[in-house]
Amino acid sequence: MSEATDLRAALAALSRRVDSLEGARAAPPASSLWALDELRRRRAQHPSTAEGAVLLSGSVTLPDGTPVEWQQGASSAELLASEWGERSAAFAALGHPVRVELLRHVLNGVRGTAELAAIESLGTTGQLHHHLRQLLGAGWLRQSARGSYEVPASRVVPLLVCLAAVGE
């Protein structure tokens, strides 16, 4: 009798597992726009974002192993009403191919002036310093030590978002 009871219990457990698996298979697929779905849900909770909002977020591990997680949101009404000219310097700094390449090298771990100067595609030492000043002034780079540069954590995700936004 004990063996039959054990067999019935095992069969009942197996039936529950099969039902659970079939139920999971029948569930609607999760949206591939999960971040957008969550933004829409939260938008209604805040009067400042009732007309719309944008969100930048990212979770990145840089080639040197440094983890960077960051997000920034903004009301679309506030963005549309703001003065855009004030932001042009940040875009202008990214408008030169050598500067974009310089940022790529820094994100990949080449941070010292001497190391950067050894990369032919970045130009002469004078040109390199000119580009470094432009990126420093716009906030895309900061000096971490004398002759050493890094992309601030608060700029890593926005930089990668800009690259993703323009595609290949």
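**Close-up views of the pockets, hairpin and core**

**View A. Lining of the largest pocket, by residue class.** The residues that line the largest pocket comprise 15 nonpolar, 3 polar and 2 charged. The model shown here and in the views that follow is predicted. The volume of the largest pocket is about 740 Å³. Of its 20 lining residues, Leu 56, Gln 72, Leu 79, Arg 87 and Phe 91 are the closest to the centre. Two or more lining residues come from each of strand E1 (53-61), E2, helix H3 (76-81), H4 and H8. H8 supplies the largest share of this lining, 5 residues.

**View B. The second largest pocket.** This pocket holds about 350 Å³ of space. It is lined by 15 residues, of which Glu 38, Leu 39, Arg 42, Leu 55 and Gln 71 are the closest to its centre. At least two lining residues are supplied by each of helix H2 (34-43), E1 and E2. The largest share, 6 residues, belongs to H2. By class, the lining of the second largest pocket consists of 7 nonpolar, 5 polar and 3 charged residues.

**View C. The hairpin of E1 and E2.** Strands E1 and E2 run antiparallel and are joined by 9 bridges. Together E1 and E2 form a hairpin, with 5 residues between them. Within the turn, Gly 65 has a positive phi of about 95°.

**View D. The largest nonpolar core.** This core contains 26 residues, and those with the most contacts inside it are Leu 102, Leu 103, Leu 116, Trp 140 and Leu 141. Two or more core residues are given by each of strand E2 (67-75), helix H4 (88-93), helix H5 (97-107), helix H7 (125-138) and helix H8 (153-166). H5 gives the most, with 5 residues.

**View E. Surroundings of Leu 102.** Leu 102 is one of the residues with the most contacts inside the largest nonpolar core. Apart from neighbours within four places in sequence, Leu 102 is in contact with Leu 116, Leu 122, Leu 128, His 131, Leu 132 and Leu 135.

Technical notes:
Residues numbered from 1 in each chain as written. Predicted model: local features only at pLDDT ≥ 70, side-chain atom pairs only at ≥ 80, totals over all residues. Heavy atoms only, no water. Core = buried A, V, L, I, M, F, W, Y, C linked by side-chain atoms within 4.5 Å. Buried < 20%, exposed > 50% of the residue type's maximum accessible area, 1.4 Å probe, protein only. Helix = DSSP H or I, 4+ residues; strand = E, 2+ residues; numbered from the N terminus. Contact = heavy atoms within 4.5 Å. 1 Å grid on protein atoms, 1.4 Å probe; cavity = no way out; pocket = protein on both sides within 12 Å on 5 of 7 lines; lining within 4 Å. Points joined across faces, edges and corners; volume = space filled by probe spheres on them. Nonpolar A, V, L, I, M, F, W, Y, C, P; charged D, E, K, R; others polar. Pairing = 2+ DSSP bridges.
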